[in-house]
Amino acid sequence: MSEATTFCLIVSAVLFGIGTLGVLPRRSAITILMSIEIMLNAGNLALIAVSRVLPGQGGLGLVDGHVFVLFVLAIAAAEAAVGLAIVLALYRLKRSTDIEVLRLLRW
Amino acid sequence: MDALLTPACCVALAAITAVEAKLYIAGIVALVSGLVVVMHRNSVIGALFLVLNLLSVAVMFALLDAYFMAVLQVLIYAGAIVVLIIFVLMLLNVGREPRGGPGLGVRLMALLLGLAMVFALVRAVRSFTPGSEDGGVLTEGYGTVSQLGEALFNQYFYPFEVVSLALVAAMAGAVLLAKRYLED
Amino acid sequence: MGVVIAALTKVLLVALVLPLAVSIMTWVERRGSGIIQMRLGPNRVGPFGVLQPVADGIQFFFKEDIVSPFVHKPTYLMAPAVAMMAAFIAFAVIPFGGTLTLTSGQQVKLVIADFDAGVLFLLAASSVGVYGVIMAGWSSNNKYAQLGGLRSSSQMISYELSFGLAVIAVAVLAGSLRPIAIVEAQAASWWYVVYMPVGALVLLISGFAETNRLPFDLPEAESELVAGYHTEYSSMKFALFFMAEYINMITSAALLVTLYLGGYSVPAFVSSSLGLEGNWLTFAQLIVFVLKVSFFMWLFVWVRWTLPRFRFDQLLQIGWKALIPLGFLNVIWAAVLVWLGWV
Amino acid sequence: MLPYLLLIPLAPLLGFVLVGVLGASGLLTDRWVHRIAVAASLAALVFSCAAVWEFSSGLDHLVPLAEEDPGRFLVQPDEGDSPARFSVTYAPWIPLGDTLLRGWSSTGERTASLTVGWTLSFDALTAIMLLVVAGVGTLIHVYSIGYMAGDPGYSRFFAYMNLFMAMMLTLVLGGNILVMFIGWEGVGLCSFLLISYYYDQVFDRESGLTCADAGRKAFITNRIGDMAFVLGGLLLLITFGTFDFYAISDAIDGSSEFWYASLLLTGVGLLLFIGATGKSAQIPLYVWLPDAMAGPTPVSALIHAATMVTAGVYMLARMSSLFWHAPGAMLVVAVVGCLTAVFAATMGMAQYDIKKALAYSTVSQLGYMFLGAGVGAFVAAIFHLVTHAFFKACLFLGSGSVILRAGHSNDMRLYGGLKKWMPVTYATFLISTLAIAGFPLMSGFMSKDEILARSLFSTRGHTLLWLFGTFGAVMTSFYMFRAVYMTFHGENRSPEWVRHQLKESPRVMTGVLAVLAAGALFVGFLGVPEGVSKLVGLGNVNWFEHQLHPVVAARGVVAAASHGEHGGQAGVDTHEDPAADSAYASALTADEATGHGEPQALEIDVIREGLVAHPTLGQEWALFGVGLGVFLAGLGLASWAYGNNMRRAAAMAGSLGFVRRLLHRKWFVDELYDKLVIGPFKALCRGADAIDRTVVDGAVNLAGILTEISGQVIKLFQTGVVRHYAVWLLAGTVLVLWIVMG
């Protein structure tokens with residue numbers, strides 16, 4: 001595995017970690033959404049990097065990883081649309097995007 | 001006239017640096033901007049840095065010969081998703097996040113978990129070996145639109161359709177959720 | 001090394017020609033508006049006022065650069081640069097001529113980046129351009145500017161869809177996203193506007209909206225929002241926004257020409273009857289391209305001073321309820337054309 | 001016409017849809033209901049006649065069709081020893097693809113590509129059945145106009161009748177087992193619907209059964225038989241890889257030395273026969289038919305006498321090649337048929353309900369048909385089916401005519417002396433009675449005595465079978481004349497109010513009766529038994545046999561008995577049958593060609609199939625005399641007991657009380673079934689119910705309780721704070737990553 005690929009994978013791992021750091025302690029729902037986007041991106045990076053070094057037909061490079069990334073993009077778009085719509089609805093309800101004030105789903 | 005010089009500088013820079021070097025620069029930019037997204041208290045600034053993060057990741061895509069995906073990354077993420085996020089931020093006029101989040105315990109746990117995650121992933125990366133190290137040469141037309149299209153409409157046809165269905169469902173759901181009154 | 005020099009030359013040329021074209025456009029715009037409104041327009045500086053753009057440029061340089069104390073400064077300063085950069089980058093994939101053969105025998109394509117997914121690249125670059133507007137609107141810390149930014153972002157996202165649909169139909173017909181390939185395909189058959197007039201119309205209208213031109217210039221509607229997102233900008237920063245807008249106009253006109261009107265291609269019977277070949281043909285193509293783009297630039301001016309402005313809800317309705325369905329129909333029509341083998 | 005065989009069942013189906021939909025929505029007056037229904041039935045008859053006419057003029061003009069489209073048309077003109085036949089596949093139905101077959105054969109496991117199609121086929125057997133079904137069906141439709149007049153469910157009745165016609169014609173025309181099964185189930189359904197036609201009325205006062213109960217009984221009993229039928233069909237499928245009748249018989253005939261008397265064919269034959277016992281009311285599944293008399297009388301005549309109940313016989317004839325190669329199964333068929341014939345006749349003697357008496361008579365006659373099929377006299381069985389269709393339909397319709405006028409009472413004790421008021425009914429009833437009782441030269445004599453003769457002389461027959469059959473015939477004659485005496489002779493015993501309105505039935509009914517009676521008189525001449533024609537010095541003038549024999553003949557019989565034995569068989573001659581002869585000859589040449597000096601023991605038995613010991617002229621006369629004697633004995637007994645206004649019968653009732661009760665209560669078979677089958681089954685159900693309530697429900701409830709407890713514990717994790725969920729999610733992810741990637 002080349003240096004570049006390793007680097008990309010490690011960047012991807014660290015980026016994912018950064019995303020989790022954003023998800024856990026932040027309070028703004030939108031920031032959390034953005035952190036999730038970063039995590040998805042980290043995954044995309046890993047997919048693209050690995051897909052390049054997998055043996056394909058007559059050389060390196062399987063395009064399957066790109067297809068997965070395409071799906072991830074689509075799902076990310078769906079997630080963003082629904083997530084932001086939820087945040088909007090939330091804001092109307094509570095006048096806030098702070099997830100600390102949301103404890104409605106308790107038993 | 002610095003705006004006019006920027007592309008020229010970029011071209012000059014591109015001519016003299018190797019792919020790896022560019023990759024390292026883009027990666028470091030991605031990491032730093034990602035950190036800013038997570039850390040900055042102002043969501044709008046965070047969102048703008050998210051754009052930077054996405055663009056640098058797109059650059060990495062392009063450097064990894066995935067030109068089409070790089071373009072799509074910019075088009076969809078930067079062009080649509082983050083614009084949507086910023087739009088909502090501006091619509092709700094969300095300013096700086098108030099001080100005082102969760103307690104130290106949660107923060108510590110988040111840090112620990114994040115680090116554990118990173119270590120697990122790095123370990124996994126270390127143990128990863130692709131099928132063939134040598135071979136070296138990329139296949140003809142790797143990452144082009146046509147190759148992707150072939151894969152998408154033959155091998156991945158049904159997943160593709162399912163994803164399109166998911167998108168439609170998400171759109172309908174988003175419209176329904178965002179409507180102020182359901183009677184309208 | 002020759003390749004690098006050629007590339008740098010092309011970049012420099014475009015980077016110089018575009019601002020020049022913008023300055024010419026300002027003159028055309030002002031004179032044109034004068035003609036349309038039955039008045040003279042600028043006619044003092046030079047013959048017919050042709051030196052007016054130079055005067056404007058000097059004026060921009062020497063105006064006071066006011067930065068409001070409440071702005072978010074880094075963003076405020078970045079915004080015009082982002083807008084300008086996106087405008088320039090988008091033009092990179094537009095082919096403005098065929099192949100030039102240098103005396104050294106080197107073949108130079110008259111396009112900065114001949115790129116597999118070129119059309120998408122253009123879309124991506126223009127979508128990044130939104131950030132210039134958004135950043136300007138948000139960082140100004142001014143409600144007019146912010147509203148302008150909001151409107152602009154929603155408008156641009158909305159119309160990017162119909163824009164993209166019109167582009168996809170062309171990709172279906174040409175079987176490629178590479179601009180040069182699309183031009184070649186049209187040269188081989190007919191201009192795609194013949195096959196898909198609806199698509200061309202959708203692309204034209206979306207182009208108006210994308211570049212915030214009248215009748216879709218809501219983000220900078222003077223009567224409501226002072227000057228929209230660039231209310232707080234002055235001097236050279238304002239000039240950058242101004243230039244970015246005009247470059248965007250040129251880009252979208254060039255895109256329309258490339259995708260639907262045969263691009264730089266010279267009809268075969270013309271070139272053969274005039275005996276054009278080699279570099280002469282390339283020059284002819286360049287001229288043809290410039291003429292076609294000029295026509296649309298004039299159309300931009302013409303429409304701006306002729307039509308009234310839409311209301312914002314009307315604007316979104318046109319985008320979502322008229323152009324997007326039309327765009328989809330057009331894509332289906334393109335698929336039918338390909339299926340029937342008419343192209 | 002032949003390629004459009006589809007129209008034959010489609011016409012009544014269209015009638016069903018029209019009458020059913022329009023009639024149920026009240027858009028049709030009664031007049032139009034019966035017009036449409038009769039027209040639909042008549043159309044089927046016309047189409048059938050056209051098809052038969054075209055078939056009888058040869059299939060040569062259809063051969064190009066088959067060459068052009070071999071997947072769809074199968075045409076085989078009459079040549080050699082194979083019968084003329086024609087089949088057409090209208091559409092593929094069930095594409096099964098490659099199927100694994102497990103033949104009990106030397107070929108072992110193999111795969112076959114199989115597609116079941118909508119196939120209709122046509123040969124002489126089909127032709128005869130078509131004419132009978134469509135002809136009698138149309139007549140009974142006409143009769144119903146009079147009988148059902150004014151009934152509130154007029155359109156319902158005619159819709160069901162049309163549906164029955166469509167299904168019965170499908171059954172007859174079906175070219176493979178599945179298409180036949182559609183008809184088979186369809187007629188069962190129609191039978192159920194029509195038996196339960198008066199669903200809210202009590203039909204049996206002794207047991208309090210309603211008509212709906214009777215319908216259910218018929219349906220469920222039929223299901224048991226159908227189960228066996230399906231199993232038999234599936235066994236054929238996994239053996240031969242096809243459902244197609246012709247393909248199956250070709251497969252069996254083509255390799256007879258292997259199949260002959262094999263366990264497999266015997267098993268299949270028995271299963272199919274059980275199916276037939278369900279549909280054709282044989283022991284042990286006959287119990288539903290007497291109760292089926294709950295339906296309107298035309299239904300009894302059409303479905304439960306003339307057509308549906310004969311489907312089993314038809315199916316046996318259709319599968320004759322299989323039965324020829326399964327002598328064990330044939331023996332069972334013969335014995336069961338013979339027993340049924342006698343057993344049902346005994347019960348028929350003690351019934352007071354005229355329709356029940358006729359029903360037992362039907363069971364008995366069906367028994368004769370099975371006896372014929374069982375001894376290899378398939379032609380005689382089918383012939384009896386045809387003649388029986390005429391005289392039994394006529395009898396039932398005559399009884400219907402009586403019932404209609406006698407105050408809707410079925411009880412013969414309340415009739416008497418009706419010939420004064422109903423002369424046409426009486427005449428036709430009498431003719432049919434003479435026919436069924438075997439008056440010489442009438443149709444019943446021709447067919448039934450042919451069966452009896454065959455059971456005596458066929459190599460698969462036995463003297464005991466003949467003896468029992470003859471005994472049954474005496475009883476047949478007796479109970480039929482008993483019915484005639486009780487109904488039409490003597491003094492009238494009806495209530496006063498009935499007697500005042502006694503008169504002949506309407507023209508539309510008596511006309512049909514006359515037609516059927518004429519049929520009962522003359523249809524027998526289509527198939528004059530060889531013995532009878534020899535008596536008057538004629539050769540074999542049995543037209544029926546000439547037409548039908550090729551279809552049901554024993555074929556593929558490898559005849560290679562030792563030459564000496566064949567020559568030395570005194571009194572045993574090859575039947576005058578070109579098919580058997582040529583088979584024999586070809587087998588001989590084959591044998592010589594292969595140089596087999598010694599014939600295999602197996603083949604010696606095979607040669608005897610299709611052969612009949614030919615009686616001498618004296619034996620024929622004796623048989624004729626026995627037949628006449630049987631008829632006279634029954635007649636004499638009946639007139640002795642019942643001729644004198646039933647006085648003697650009443651006097652005897654005391655002394656024969658036990659026997660009479662035994663017979664009247666049908667040997668207590670229903671009670672026996674109650675005790676042996678239904679009781680244990682109900683007990684089993686109660687046991688299953690108990691287990692379900694305690695064990696199964698207990699397990700389910702336990703799962704519920706466990707779920708609740710675990711839910712109570714797990715809900716502690718549901719804090720409502722998104723962050724906590726995210727932490728748990730992440731922790732889990734890290735754990736999984738650590739385990740998987742480590």
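**Exercise 1.** Determine which residues of helix α1 of chain D are buried, and where they lie around the helix axis.

*Solution.* In this predicted model, the buried residues of α1(D) are D:Ile8, D:Pro9, D:Ala11, D:Pro12, D:Gly15, D:Val19 and D:Gly23. Around the axis these residues cover an arc of only 155 degrees, so they lie on the same side of α1(D). The face turned away from that buried side carries the exposed residues D:Leu14 and D:Val21. The cover over the buried residues includes α2 (30-56), α4 (124-147) and α5 (154-173) of chain D.

**Exercise 2.** Compare the span of α1(D) with the expected value, and describe the residue D:Gly26 just after the helix.

*Solution.* Helix α1(D) runs over residues 7-24 and has 18 residues. From the first C-alpha to the last it reaches 25 Å, close to the 26 Å expected at 1.5 Å a residue. Just after the helix, D:Gly26 takes a positive phi of about 70 degrees.

**Exercise 3.** Assign the buried and exposed faces of helix α6 (residues 145-155) of chain B.

*Solution.* First, B:Leu148, B:Ala151 and B:Leu152 are buried. Seen down the axis, the buried residues fall within an arc of 95 degrees, and therefore line one face of α6(B). Next, B:Ser146, B:Glu150 and B:Asn154 are exposed on the face turned away from the buried side. Finally, the buried residues pack against α3 (64-94) of chain A, and against α4 (67-92) and α7 (157-178) of chain B.

**Exercise 4.** State which residues have the most contacts inside the largest nonpolar core.

*Solution.* This core has 197 residues, and those with the most contacts inside it are D:Leu5, D:Phe86 and D:Phe122. Helix α17 (residues 378-405) of chain D gives the most to the core, with 18 residues.

Conventions: Residues are numbered from 1 along each chain as its sequence is written. Chains are lettered from A and ligands numbered from 1 in the order in which they are written. This is a predicted model: local features need pLDDT of at least 70, side-chain atom pairs count only at pLDDT 80 or more; totals for chains, interfaces and linings use all residues. Side-chain values use heavy atoms; hydrogens and water are left out. A nonpolar core is a set of buried Ala, Val, Leu, Ile, Met, Phe, Trp, Tyr and Cys residues joined through side-chain atoms within 4.5 Å. Buried means under 20% relative accessible area, exposed over 50%, partly exposed in between (1.4 Å probe, protein chains only). Helices (H or I, at least four residues) and strands (E, at least two) are DSSP runs, numbered from the N terminus. The arc is that of the directions from the helix axis to the C-beta atoms. Contact means heavy atoms within 4.5 Å. The expected span of a helix is 1.5 Å times one less than its number of residues.
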